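Subject: Structure for you to look at

Hello,

Here is the structure I promised to pass on. Please open it beside this email and follow along.

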Amino acid sequence: MTTAALKTRTEIASTPPRWIPSNPQWATYVRAWTFMPNPTLLRALLNSTIITVSHTLLLLLACSLTGYVLAKYKFRGERLIFMWIVSQMMIPGFTGLIPMYLLMVWFGWINTYWALIIPGAFSAYSIFLMRQYIITIPNEILDAARLYGCSEFGLFWRMILPLSKPALSAIGLINFVWIWNDLLWPMLMIKNREWYTIQVALNGLFELRTSFDYMSLVAASITIATLPLVIFTIVTQKYLIKGFTGLSYTKR
Amino acid sequence: MVEVRLEKLTKVFGKNTVAVNNVNLHIKDKEFTVLLGPSGCGKTTTLRCIAGLETPTSGNIYIGDRLVNDVPEKDRDVAMVFQTFALWPHMKVKDNITFPLKMRKVPKDEIQKRLKETAELLKMPHLLDRVPGQLSGGEAQRVALGRAIIRDPKVFLLDEPLANLDAKLRVHMRVEIKKLQEKLGVTTICVTHDQVEAMSMANRIAVMHQGRIRQVGIASDLYDKPEDLFVAGFIGTPPMNFVNCTYEEEKKALISEAFSLEIPKNLGKEIKEQATSPEIILGVRPQDISLHETQMPSSISAEVYAMEPLGSEAIVDLKLGDMIIKAVAPPTYKTRSGDTAWILFDMNRIHIIDKKTEKAII
């Protein structure tokens, strides 16, 4: 994909395929930025960034708060709530598509970013993972903080969040990739072309299939659209391995 | 003056798990008191109730003159050192130590001054920029102590403070903790299951069993004058030997399956007056049994079952009928399994316990 963007039209279609372009067309990457008329690639990237970042932050806050309460507080019905959340994980996502669409219509959120940010931010799977992680943080650590003057929210903010970095990174990355790559839901929700996310915008490239170097421009656009994911993975890499290999707190 | 008083303190978990049962305890100002007992006896729960980390089911807790039952943990002015030290792993040592002051919004220069004083007192200025993961057990404990003392609490609570240290460091740290407490003069309550630790550190020891306090006293009182069967068996290493006996008044003797032991008249009188039945338990500490190669007046014949030479002393297991009792002999004592030994009990140091009530008569 990355090299296809650098090939000429004949090179892309050659058989057997040539892996390394004989004459790299670097200009394709420059042209890709203006290839899409509405929205432009930059605008679509910006839309996706706003949605993905705010969705991920909201999701991390929601799942860590809920996970913390379910892991560390005992109250009437706590088990029932946990079981209800776990049961949500067993329902296939697509069965909820139409009810969710109707709900968005009812909220008046169609053609707004709210429809892309809010619903997915309360993910049962993420709450479950956070709860399982936080439950392994020793109670004594929290008791000590309480004794030395920390409020209940302070415990969450000063102790639970910093100690949950590996879990937050892993969950954050999974959701970041998922939301960034999501095509179906944004396509259903957003009608205004200006507000298209990157995946919906790339999908619209098909309309330009008659242009001369269509194939290499599509390859360049997709490569550019993938870059943020690569950067995000590199940044969070330190915690990712820990997060994926075993989601449990270990004393450092 | 900071005294701690527990009045009829009871803590029940769930519907019927009684962890602390009607505990009354008065800890004097500047006193180092140890709650001693086996695992699950309710000592840590008692400590957590004093700290405010558990809510008592009934009873009152006073710190000084203030009833603190409904006072939140952070306002009780107590500091606690946890068994696992409970340092916050994501904070540097200096942040761990100064956290209690930051929470109280103490001015920054005052925090720095007190951090310096505390670090010097605990000999750890070089550790301040490390994170807890880079500390050894002893260092982590000093940090936990530093965090506890930095805000001058009224009461120190120590929950098995030495349990996570290796044997050599434990011996060193128990002296350090005792010296620190003497220096600071803070009322201290420590929980441990280790009697040596308790006896070496405490001004007074409260022995707990099954949620109740069995006896409160100084170390020598608990050792020499245990008030019931549990305390007699729990205090002392190796533990006290117990032999079921019947007191026969005509013979002025204690009759067991393996021997008949004549006792002084005054002892007999006490048993007659205080025992609820002739069925009693004779308690003899291994240290109060002397071993002889030849028969002596009132000596009892026993078969040597095993010998454990420990260097400073030797523990000899003796077979008396179907029972095995332990005796402590000098390190030079030589014997082999199957030999006959003649044993003598030190009659001034034997203990007589009522079998029915399990209370000590003598």
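A crossing of two helices is called left-handed if the near helix is turned anticlockwise from the far one by less than a right angle, and right-handed if the turn is clockwise. Keep that in mind for the first item below. Also note that this is a predicted model.

**A helix pair in chain A**

Two packed helices are described by the angle between their axes and the distance between the axes. Take helix α3 (residues 41–72) and helix α10 (residues 165–181) of chain A. Their axes come within 9 Å and cross at roughly 145 degrees. Which hand does the crossing of α3(A) and α10(A) have? It is right-handed.

On the α3(A) side, the contact is made by A:S48, A:I51, A:T52, A:H55, A:T56, A:L59, A:L60, A:C63 and A:S64. Look at the numbering in that list. An α-helix has 3.6 residues a turn, so residues three or four places apart point the same way. From α10(A) come A:L168, A:I171, A:G172, A:N175, A:F176, A:I179 and A:W180. By class, the contact holds nine nonpolar and seven polar residues. No charged residue takes part in it.

A:S221 sits in helix α13 (residues 214–245) of chain A. Is A:S221 buried or exposed? A residue needs 20 or more other C-beta atoms within 10 Å to count as buried. A:S221 has 25 such neighbours, so it is buried. Leaving out residues up to four places away in sequence, A:S221 touches A:A32, A:F35, A:L41, A:L202 and A:L205. A:M83 is 138 residues from A:S221 in sequence, and their C-alpha atoms are 44 Å apart.

A:R79 belongs to helix α4 (residues 78–88) of chain A. A residue with 12 or fewer C-beta neighbours counts as exposed. A:R79 has 11 other C-beta atoms within 10 Å, so it is exposed. From A:R79 to A:I98 is 19 residues along the chain, and 29 Å between C-alpha atoms.

**Where the chains meet**

Now turn to the interface. 15 residues of chain A are in contact with 16 residues of chain B. On the chain A side, α8 (139–147) and α9 (152–163) each supply at least two residues. The largest share, six residues, comes from α8(A). By class, the chain A side has nine nonpolar, one polar and five charged residues.

**Chain B as a whole**

Chain B has 362 residues, and 40% of them are buried. It contains nine helices and 20 strands. Its C-alpha trace spans about 80 × 45 × 35 Å along the principal axes. Count the contacts in chain B with a separation of 6 or more: 65% of them join residues 24 or more positions apart.

Chain B is divided into domain 1 (4–233) and domain 2 (239–354). Their C-alpha centres lie 39 Å apart. How many residues of domain 1 of chain B are in contact with domain 2? Four, and they meet seven residues of domain 2. The domain 1 side of this contact has three nonpolar residues, one polar and no charged.

**A covered helix in chain B**

Next, find α4(B). It has 13 residues, which at 1.5 Å a residue should span 18 Å. Its end C-alpha atoms are 19 Å apart, so the two values agree. The helix is mostly covered, with ten of its 13 residues buried. Among the buried ones are B:A140, B:V143, B:L145 and B:I149. B:R142 and B:R147 are also on the buried list. The buried residues of α4(B) pack against β6 (78–81), α2 (93–103), α3 (108–121), β7 and α5 (167–184) of chain B.

**Backbone points to check**

Most residues other than glycine have a negative phi, and most peptide bonds are trans.

- B:K8 is not a glycine, yet has a positive phi of about 50 degrees. It lies in strand β1 (residues 4–13). With 12 other C-beta atoms within 10 Å, B:K8 is exposed.
- B:D152 also has a positive phi, near 50 degrees. It lies in the loop between α4 (137–149) and β7 (155–159). B:D152 has 10 C-beta neighbours inside 10 Å, so it counts as exposed.
- The peptide bond from B:T237 to B:P238 is cis, with omega near -10 degrees. B:P238 is in the loop between α8 (229–234) and β11 (241–248) of chain B.

Best wishes

Notes
Residues are numbered from 1 along each chain as its sequence is written. Chains are lettered from A and ligands numbered from 1 in the order in which they are written. This is a predicted model: local features need pLDDT of at least 70, side-chain atom pairs count only at pLDDT 80 or more; totals for chains, interfaces and linings use all residues. Domain bounds come from an automatic or database domain assignment. Two residues are in contact if their C-beta atoms, placed from the backbone, lie within 7 Å. Ala, Val, Leu, Ile, Met, Phe, Trp, Tyr, Cys and Pro count as nonpolar, Asp, Glu, Lys and Arg as charged, and the others, Gly among them, as polar. Helices (H or I, at least four residues) and strands (E, at least two) are DSSP runs, numbered from the N terminus. Axes are lines fitted to C-alpha atoms, for helices over the stretch in contact, and angles run from 0 to 180 degrees between N-to-C directions. The expected span of a helix is 1.5 Å times one less than its number of residues.
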